[in-house]
There are 2 protein chains.
Amino acid sequence: MQDHLIREFMLHFGEMGSRWGINRTVGQIYAVLFLSEAPLCADDLVTVTGFSRSNVSMGLKELQGWNLVSIRRIEGDRRDYFATPEDMWKIVRTLIAERKKREIDPTLSKLRELELSTRSESYSARRLTELREMIETMTEFYEEMNRIETKRLVALMKAGNRIGRLVGKTGQIIPFGRQRSDEAEEAGG
Amino acid sequence: MQDHLIREFMLHFGEMGSRWGINRTVGQIYAVLFLSEAPLCADDLVTVTGFSRSNVSMGLKELQGWNLVSIRRIEGDRRDYFATPEDMWKIVRTLIAERKKREIDPTLSKLRELELSTRSESYSARRLTELREMIETMTEFYEEMNRIETKRLVALMKAGNRIGRLVGKTGQIIPFGRQRSDEAEEAGG
DNA sequence: CATGAATTTCAGAAATTACTGAAAACTGCG
DNA sequence: CGCAGTTTTCAGTAATTTCTGAAATTCATG
């Protein structure tokens, strides 16, 4: 019924796919599944996207590798059906976790490995250490945030500018009620 | 001097480049600049990477498009020299801002456009609205975080598990000293 | 354990992207 | 202006990635 919407979004997601490190096929398949209330089978996706059956199969495989779709079986139907999670925040968590795994973790490993294999005090060695430390700070923060249940996480994000006020330059959590101005805390520390 | 380090890191970054939506050339060039204390000129990069002069030129152009390198002039030398910021956190901010611009913003625009052009109450329409709202929540949070000066931001990130405790399920900031357990706050609300 | 529907694999074709060398276009300087 | 050094452009080639159809495999079911 809202065919235009689905089609437009599917094409857009396909285009974006290339910027996201997945390809057009995968992007389009995901978009269609994402907008479908009922799970879809591979043939449905062939019909909607116009890709070959084998291409759809590979795309679905890749999406499963990303943990972005789940397989469902339908009573008395031998085909596999695919669906995305209802919960949008679950999707985003998965996406971030998978991108981290692919884009950050290998570099972190490499940095650790390089640090172990050298005893240099050169600029480049120091720079690599600094990079590793920064990545560790960020990933630890990410892991901390990711531990928070969704309701609270959303509340935290919506707390907006109150967040920045909570932390002084030295990292202490500023007691509630003393977050009015930057100076107040400076004077107190 | 620490040639091995530079070489290994350069090759690794080149490989990773493809996962990051930049290509091998760009990744390697960036890696070398990142590890170099002094700015380098294009010919230096040709020597180190082994790429053709024109390829290096294009790679540098792309890095400039990402705001990841700056041009420096050296007294009495007509060549352009290139450098990355000393400040690691500045680099990461740039990287995130640029990825957001390329990977998020176009989709946000498209979602807004699609919402304006339809009056449907279908599942897919609702799903798109929910997606837009989620992206807006996240980008607004990002913008808030990005407004915080680096020292504080790092302190905040290192505050670790204290952060999650600060926010109740309804989004209120919990007074300091009452963050001990999940139940305490539940009882108080 | 045979059947046939459904899925996956895979080799090659098609499309896209990366890379190069040569030529053109800058740029500061005598 | 004209020259030499430097950078950029661009058309063609190389390399990689995506996509397909056909064949092989899997698997629930009789």
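Which side chain meets that of B:Glu136 in a salt bridge, and what is the distance from N to O?

Modeller: The partner is B:Arg112, at 2.9 Å from N to O. B:Glu136 belongs to helix H6 (residues 123-147) of chain B and B:Arg112 to helix H5 (residues 88-116) of chain B, so this pair ties together parts that are 24 residues apart in sequence. A salt bridge is a side-chain nitrogen of Lys or Arg within 4 Å of a carboxyl oxygen of Asp or Glu. Side chains of opposite charge can pair when their charged atoms come close.

Before going on, note that this is a predicted model, where local features need pLDDT of at least 70, side-chain atom pairs count only at pLDDT 80 or more, and totals for chains, interfaces and linings use all residues. Residues are numbered from 1 along each chain as its sequence is written, chains are lettered from A and ligands numbered from 1 in the order in which they are written, and side-chain values use heavy atoms, with hydrogens and water left out. Helices (H or I, at least four residues) and strands (E, at least two) are DSSP runs, numbered from the N terminus.

Back to the pair. B:Glu136 has a relative accessible area of 17%, so B:Glu136 counts as buried; B:Arg112 has 41% and is partly exposed. The cut-offs are under 20% relative accessible area for buried, over 50% for exposed, and in between for partly exposed (1.4 Å probe, protein chains only).

Over all chains, the structure holds 30 salt bridges. One of them in chain A is between A:Lys100 and A:Glu143, whose side chains meet at 3.8 Å, N to O. This pair links distant parts of the chain, since A:Lys100 is in helix H5 of chain A and A:Glu143, 43 residues apart from it, is in helix H6 (residues 123-147) of chain A. A:Lys100 is buried because its relative accessible area is 16%, while A:Glu143, at 34%, is partly exposed.

The closest N and O atoms of A:Glu98 and A:Lys101 are 3.2 Å apart. With 5% relative accessibility, A:Glu98 counts as buried; A:Lys101, with 45%, is partly exposed. Salt bridges also form a network that links A:Arg99, A:Glu103, B:Arg99 and B:Glu103.

Helix H5 (residues 88-116) of chain A also contains A:Trp89. A:Trp89 is buried because its relative accessibility is 14%. The C-alpha atom of A:Trp89 is separated by 9.1 Å from that of A:Val154, 65 residues apart along the chain. In chain B, helix H7 (residues 150-158) has as its buried residues B:Arg152, B:Leu153, B:Val154, B:Ala155, B:Leu156 and B:Met157. After H7(B) comes B:Gly160, with a positive phi near 55°.

Chain A has 8 helices and 3 strands, in the pattern α-α-β-α-α-β-β-α-α-α-α along the sequence. Of the 189 residues in chain A, 49% are buried.

The 3 strands of chain A make an open sheet in the order S1-S3-S2, with antiparallel pairing. S1 and strand S2 (70-73) of chain A are the edge strands, each pairing on one side only. Two strands pair if DSSP finds at least two bridges between them. S2(A) is joined to strand S3 (residues 80-83) of chain A by 4 bridges, and S1(A) is joined to S3(A) by 2 bridges. A:Phe82 in S3(A) is the bridge partner of A:Ile71 and of A:Leu40. A:Arg72 stands opposite A:Tyr81 in S3(A). S2(A) and S3(A) form a hairpin with 6 residues between them, and A:Gly76 in the turn has a positive phi of about 70°.

A:Asn67 is partly exposed, at 48% relative accessibility.

In chain B, an open sheet of 3 strands has the order S1-S3-S2, paired antiparallel. Strand S1 (40-41) and strand S2 (70-73) of chain B are at the edges with a single partner strand each, so one side of each is left without a neighbour in the sheet. Between S2(B) and strand S3 (residues 80-83) of chain B there are 4 bridges, and B:Arg72 stands opposite B:Tyr81 in S3(B).
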